[in-house]
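User: Please show me the model, and then help me learn how to read its features one by one.

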Amino acid sequence: LGALAASLYIVSAYPALSSYRDAGDMAAGAWTLGVAHPPGYPFYVLVGRAWATLLPMGSSAYRLNALSALAAGLAVGLTAWAAWRASGRSERRAAPLLAAAATLAAAPAFWHLATLSEMYALNALFGAGLLALAALGDAGPRPVLAGAFVLGLAAGNHQTALALAPGL
């Protein structure tokens with residue numbers, strides 16, 4: 001489901017710079033390793049620059065749009081896996097869980113943010129990663145430590161990730 005969503009997002013991604021809110025600011029920050037508008041979004045800027053340098057196709061703006069598409073697709077896949085794992089890995093419950101993840105993937109706002117150079121798709125991936133770590137249950141201290149690490153990276157991407165700290 002995550003691969004299908006990522007494929008659809010990449011196909012429907014903006015071919016160049018989007019006019020959505022801060023997409024230009026985020027693309028410029030990532031390409032120049034500059035500071036985007038406050039708070040700066042350092043994780044997105046660094047990952048965006050590395051991604052735009054390593055991906056050898058399209059304009060730098062399209063490359064960042066593809067980064068959002070991939071991150072959103074991974075977020076959909078991780079969300080589906082976390083829900084399945086938290087439900088006790090029941091095959092009987094798989095269809096409703098896949099339907100829920102497909103609903104997330106097809107939500108207009110989620111889809112739109114998966115096709116342009118903004119930090120929100122990467123933030124969704126961090127949130128899904130934290131859900132996946134939480135779904136591991138009582139697997140010892142490693143998921144908690146990994147969750148703290150992921151939350152720290154997520155806070156460097158967008159400060160709203162800190163709202164997930166109480167759940168961690």
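## Reading the fold

User: How does Ile10 count by relative accessibility?

Analyst: Buried means under 20% relative accessible area, exposed over 50%, and partly exposed in between (1.4 Å probe, protein chains only). With 32% relative accessibility, Ile10 counts as partly exposed, and its place is in helix H1, helices being DSSP runs of H or I with at least four residues, and strands runs of E with at least two, numbered from the N terminus. Please keep in mind that this is a predicted model, in which local features need pLDDT of at least 70 and side-chain atom pairs count only at pLDDT 80 or more, while totals for chains, interfaces and linings use all residues. Residues are numbered from 1 along each chain as its sequence is written, and side-chain values use heavy atoms, with hydrogens and water left out.

User: Which residues is Ile10 in contact with, leaving aside its neighbours within four places in sequence?

Analyst: Contact means heavy atoms within 4.5 Å, and by that reading Ile10 is in contact with Tyr62 and Ala69, once neighbours within four places in sequence are left aside. Ile10 and Leu70 are 60 residues apart along the chain, yet 7.5 Å separates their C-alpha atoms.

User: At what angle do H1 and H4 pack?

Analyst: Axes are lines fitted to C-alpha atoms, for helices over the stretch in contact, and angles between N-to-C directions run from 0 to 180 degrees. H1 and H4 pack at about 155°, their axes being 7 Å apart. That makes H1 roughly antiparallel to H4, since angles over 145 degrees count as roughly antiparallel, under 35 as roughly parallel, 65 to 115 as roughly perpendicular and the rest as oblique. On the H1 side the contact involves Gly2, Ala5, Ala6, Tyr9 and Ile10, which meet Tyr62, Ala69, Leu70, Ala72, Gly73, Val76 and Gly77 of H4. By class, this contact has 9 nonpolar, 3 polar and no charged residues (Ala, Val, Leu, Ile, Met, Phe, Trp, Tyr, Cys and Pro are nonpolar, Asp, Glu, Lys and Arg charged, and the others, Gly among them, polar).

User: How do H2 and H3 pack?

Analyst: Helix H2 (residues 23-32) and helix H3 (residues 42-54) pack at about 70°, with 7 Å between their axes, and are therefore roughly perpendicular to each other. Met26, Gly29, Ala30, Trp31 and Thr32 of H2 make the contact with Tyr44, Val45, Gly48, Arg49 and Ala52 of H3; these divide into 6 nonpolar, 3 polar and 1 charged.

User: Which residues touch the most other members of the largest nonpolar core?

Analyst: In soluble globular proteins, nonpolar side chains tend to be buried together. Here a nonpolar core is a set of buried Ala, Val, Leu, Ile, Met, Phe, Trp, Tyr and Cys residues joined through side-chain atoms within 4.5 Å. The largest such core has 33 residues, and Tyr9, Tyr44, Leu64 and Val76 touch the most other members. Elements giving two or more residues to this core include H1, H2, H3 and helix H4 (60-86), with H4 giving the most, 8 residues. Not counting residues up to four places away in sequence, Leu64 touches Ala27, Ala30, Tyr44, Gly48, Ala52 and Ser117.

User: What can I read from the backbone at Leu33, Tyr41 and Pro39?

Analyst: Leu33, in the loop between H2 and H3, is not a glycine, yet has a positive phi of about 55°, and at 47% relative accessibility it counts as partly exposed. Tyr41, placed in the loop between H2 and H3, has a positive phi of about 50° although it is not a glycine, but Tyr41 is buried, with a relative accessible area of 6%. Pro39 is in the loop between H2 and H3, and the peptide bond from Pro38 to Pro39 is cis, with omega near 15°.
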